[in-house]
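Good morning, and thank you for joining.

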Amino acid sequence: MKLIEQAYKKALKPLLFRFDPEEVHDLFVSLGEAFGRNKTGRQLIAAVYGYRGDDASRTVDGITYETPIVLAAGFDYNARLTQILGSVGFGGVEVGSVTAYPCEGNDPPRLKRAIESKSLVVYKGLRNEGVDRIIERIQTRGVQEGLVLGVSIAMTNAESSATLEGAVSDYHTSFKKLNDANIGDYYTINISCPNVYGGESFTDPDRLETLLTRLSEVDCKVPRYAKMPISIEWSQFRELLDLLTQFDFDGAVIGNLQKDYDKIDVRSEAPEEYRGGLSGKPCRKRSTELIAKTREYCGDDFTIMGCGGVLSPEDAIEKLDAGADLIQLISGMIFEGPHLMRNISRAVADQ
Ligand SMILES: Cc1cc2nc3c(=O)[nH]c(=O)nc-3n(C[C@H](O)[C@H](O)[C@H](O)COP(=O)(O)O)c2cc1C
């Protein structure tokens, strides 16, 4: 197995990192989709990357995750990998963020690697095919047995959603359609996308209250979480948590991208002016701090998905020790390789 890890780090990654990050991403999604189409493809990938060690499963809000690792929102944004991710060691996938209408995203370049800093500069702007197409795809293809399907919901990145009413109605449209179609084992309301028209607008408590009031009109039978910002003060973060508990949300994903470019190891790897949030290592410390504070503040009944800068099994254990119930990641898989999920599961099972 060490051979596979070395092959990724020494051969495949240096090669892939010579190409445009969004093109490499698209290539991997197409490959994953092709392998996911048939049993042999799935078995082949599982033989190389699947987890077969001691039980590392976790049951959270009544949902069993075969491994404690969920692919964070933004990688499988059009729900094309729901047939294969279980074979790569994921217990779940959060598809999306999906929006009420198809959305091209921001102008390219939308993704940049900050290699020495183990981070990606993400300026996607919620590129996705829209909720209708995504529902249809999931209905047609289904979801791999044992893989938990979360759906992340955001607002269409367009002028029409830049007003409070337009934005709230956009979230409501997707949330209602998904619930009506009975798609998703849980939902995450992405209140903190840093790269959209009108800004990161639902991290303001008054606006969040308006959004949650509207969403509470939908009869939702599965757990609801919110994707939290990490670049705000604890006092504001706590106000957002108060609203989530007031509206009976089951928990939170902590958290989204890092907006503070001073948190990157090599400052010159980030753009000079703000143009996208940072994933990976610059998120690690702050997200873990917020997980610990949230666990203390909200108690044991509040679910926390720990996300941000999990690049090793030790980083995952750090987040679980801080109070997370599950782990979400993207950057670790890209910088360390697809064997990371298996190694995390092994470390969790050994604890
Ligand atoms: C390419 C990319 C696209 C992303 N798009 C979304 C998104 O659509 N919705 C969302 O909630 N988070 C999005 N994120 C944020 C991730 O879900 C995650 O919070 C962040 O990358 C930190 O985790 P990581 O350090 O493991 O990458 C995106 C991240 C990346 C790298």
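In what follows, Ala, Val, Leu, Ile, Met, Phe, Trp, Tyr, Cys and Pro count as nonpolar, Asp, Glu, Lys and Arg as charged, and the others, Gly among them, as polar. On that basis the shell around the ligand divides into 14 nonpolar, 11 polar and 2 charged residues.

The model is predicted: local features need pLDDT of at least 70, side-chain atom pairs count only at pLDDT 80 or more, and totals for chains, interfaces and linings use all residues. Residues are numbered from 1 along each chain as its sequence is written.

Of the 27 residues around the ligand, the nearest are Ala 72, Gly 74, Ser 97, Ser 279 and Ser 331; a residue is near if its C-beta atom, placed from the backbone, lies within 6 Å. Strand E6 (119-122) and helix H10 (331-336) each give two or more residues to this shell. Helices (H or I, at least four residues) and strands (E, at least two) are DSSP runs, numbered from the N terminus.

E6 also belongs to an open antiparallel sheet of 3 strands, in the order E5-E6-E11. Strands E5 (111-114) and E11 (277-278) stand at the edges with a single partner strand each, so one side of each lacks a neighbour in the sheet. Strands pair if DSSP finds at least two bridges between them; E5 and E6 are joined by 4, and Arg 113 has Leu 120 as its bridge partner in E6.

Elsewhere, 4 bridges join E10 (residues 251-254) to strand E12 (residues 303-307) in parallel, with Gly 306 in E12 the bridge partner of Ile 254.

How values were computed:
A residue is buried if 20 or more other C-beta atoms lie within 10 Å of its own, exposed if 12 or fewer, and partly exposed in between; C-beta atoms are placed from the backbone.
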